[in-house]
Amino acid sequence: MSTAADSATVATRALAVPDLSLVVLVGATGSGKSTFAARHFAPTETVSSDVCRGMVSDDPNDQSATPDAFDLLHYIVGKRLAAGRLTVVDATNVQSEPRKQLVRLAREHDVLPVAIVLDLPEQVCAERNAARPDRAGLPRRVIQRHRRELQRSLRHLEREGFRTVHVLRGVEQVEAAEVVRERRYNDLRHLTGPFDIVGDVHGCREELESLLTRLGYLLRRDDAGRPVDAEHPDGRTAVFVGDLVDRGPDSPGVLRLVMGMVTAGHALCVPGNHENKLGRHLSGRQVRLTHGLAETMEQLERETPEFRERVREFIRSLVSHYVLDGGALVVCHAGLPEKYHGRTSGRVRSHALYGDTTGETDEFGLPVRYPWAEDYRGSAAVVYGHTPVPSATWLNNTLCLDTGAVFGGRLTALRWPEREIVDVPAARVWYEPVRPLAQEAPGGADGRPLDLTDVTGRRVVETRHMGRLAVREENAAAALEVVSRFGVDPRHLLYLPPTMAPCATSREDGYLEHPAEAFAAYRAEGVRQVVCEEKHMGSRAVLLVCRDEAVAAGRFHVPEGARGAVFTRTGRPFLDDAAVARSLLERVSDAVGEAGLWGGLGTDWVLLDAELMPWSLKAGGLLRRQYAAVGAAARAVLPGALAALEATAARGVDVGGLPAGQRQRAADADAFTEAYRRYCWPTGGGADGLDGIRLAPFQILACEGRSLAALPHDEQLALIDRIVAADAARGLLAPTRRLVVDTGDEASVAAGTRWWLDLTAAGGEGMVVKPLAAYVRKADGGLVQPGVKCRGREYLRLIYGPEYTRPENLARLRARHLGHKRSLALREYALGLEALDRLAAGEPLWRVHEAVFAVLALESEPVDPRL
């Protein structure tokens, strides 16, 4: 407890307050707590009992409303602490029971409770109350009672659980006080590395020296040749996850080296459960000398008393965990759920040191660890040790680095932010393990890749490219049904392509869509160069293609010897015949290899965006039911109707323009039939079932460690051309014809329009116009549409009906509204980029799914399907 005597001249007094804490103001009515809070804390940080009383009763002095007011106060305080916000409670708090409730609230949220006591004379409090109209009639005995209760409380505040108590006696001390916010010991977000995080050493000094040397550290030795420090020439910082001691041959040597590095500023260290037990023993506490502690103490007995005292002080100084690199990295010994990151309490320290258990024991008599990492959904990477595993593998953005060096395994480190794992083998088995080094967890190596709680309800997805994007609860439910009933294995569902908006409605005679509007729109947004790509007559397909079956099975858990997966833009398997799908992926994989892209991109897998043709391959049922039925009905009805009209006219009956109208309807129906027939041709047969099937890849979305979605389209298509050329002899892969247009050059725009007219006149569907640079932002920072489709006049008969080109129908259709479709296209585009960024960064699968699932959910938003 910090106290000071009254003095005529009082120097400025700093009151240390952790930047995340619950500050409880304690003082009699009239002691100036509200004034003090307003001077030293933001209005939003202070929760006042008077304000809460006024909120529930319209009278801040209505004492009958006090129970409800404090219910509200505790609710607000709890919400702020849960959100990680420093919170100040402005109430008298002179009685122990209200304080105990606040201390309990702080403990529930794992923050430190701090008391600031304003101990002012009775006369001062009385004068201040008298000057307030709402307190002028307050009986003097209330102030006297508050002061008696305050005096009784002063000696007990620390025992009640307040970590820090500041007592200000007299007006002078209150006026001279200055609140200083201190960074929590575990908050090292300002340190951005790079770091080398080292797993459990357990006295294996020789292996630690080898690992540090391999990581590039230069060892410094004392006169006796013992390592006492290690520094990296590039300024990297080592971070030790604890369990430096016990079981191994040289715990003092490990401590000497690590302590030297920490003292020199070349390393950080968090405590392990073995350090905790050693520290308690060195402090004279009663502990059992088991699990290697007896050997450590025997080794330490050969050291000087000064060294043992230095070890005791070092262990005492260690902080339970560190939050590093702007909050992106958390290092602790036994793992830490997100709700404990940056928090300070006995519970947090205990979890960081020992982890959590299920309460059961295994066949070896050891506690069964609760698999917290399988349920982890935090954005920060958690790197830890404690539980030996055969190899360090990422699980839901967590990584265990204890690979059993002391048990004859390996000593492992993680380079951050590179996420590169570096290890060295143990020199020998130094300690026989009670339990074999095996990682058996209910969720397996990948945890639970798609958990119901990750996708249900209203969701908000943080994206790098468009901020926070919301998903409605009802849309999430619809997407969940698609994924659960029809979707591919979630481990393969790494991306879904966004919807695409059409170009602005054309005013050209006879056209609903025309390239002029696409070129003009991009020119208006400052995009000079666009690429026009032919729109293939197929269905959108996403292909996950691996170099071989081993990569597919090991990296993505693809079954049945396939080299990947192929799925639709709604995440469903594209091909019903698994054998045909395997043949398709094998052919594409071979073409990627023959094009030299496995080595060129430095990857064993690629994610491709493509069109799979013909359209009838996937939409055969739709063509029969919707399109062919219309054509058949027209052929069955119109000739007879036209014959009847012509016969009637031959008898001299005036039928007006009806025959001409029916002939036009028949011609429109024939054009409609001709349009859909272009999308149908026979497929199947041959040794691999691929006869008649064509695949037109047009973008490589991602490969190992890289998102390629922002690669300029000319570079993209050059890579695609290499893949297509490699398959030329087999004829599966189709090229994508393209033309680059300068939107500011009239001649270039005219050439682009002619190219589209020729393409569609020859039966082509149309084209997609994209910024050549792929990823473009407007002057105001907003995203430019990644592409707009400009569909041919005849193709649009399939969308709007056989007679849509009639002037009266075109006039009606030109009233279509594109705003919602464009908004949807941009949101889905941003989510797709986010999924690819997360995939490239090696983030856990559930994080990739979050963005992919949101794309599918947005597809349930109501929008004109003809767009």
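This is a predicted model: local features need pLDDT of at least 70, side-chain atom pairs count only at pLDDT 80 or more; totals for chains, interfaces and linings use all residues.
1. The whole structure holds six aromatic pairs, where rings of Phe, Tyr and Trp (its six-membered ring) pair if their centres lie within 6.5 Å, and planes under 30 degrees apart count as stacked, over 60 as edge-to-face and the rest as tilted. The rings of Trp-372 and Tyr-376 have centres 6.0 Å apart and planes at 85 degrees, so this pair is edge-to-face.

2. A search of the whole structure gives 58 salt bridges, each a side-chain nitrogen of Lys or Arg within 4 Å of a carboxyl oxygen of Asp or Glu. One of them joins Glu-303 to Arg-256, with the closest N and O atoms 2.6 Å apart. Arg-256 also lies over the face of Phe-307, at 4.6 Å from the ring centre; a charge sits over a ring if NZ of Lys or CZ of Arg is within 6 Å of the ring centre and within 35 degrees of the ring normal.

3. The charged end of Arg-419 is likewise placed over a ring, that of Trp-394, 4.3 Å from its centre. Elsewhere, a network of salt bridges links Arg-464, Glu-834, Arg-838, Glu-843, Arg-847 and Glu-850.

Conventions: Residues are numbered from 1 along each chain as its sequence is written. Side-chain values use heavy atoms; hydrogens and water are left out.
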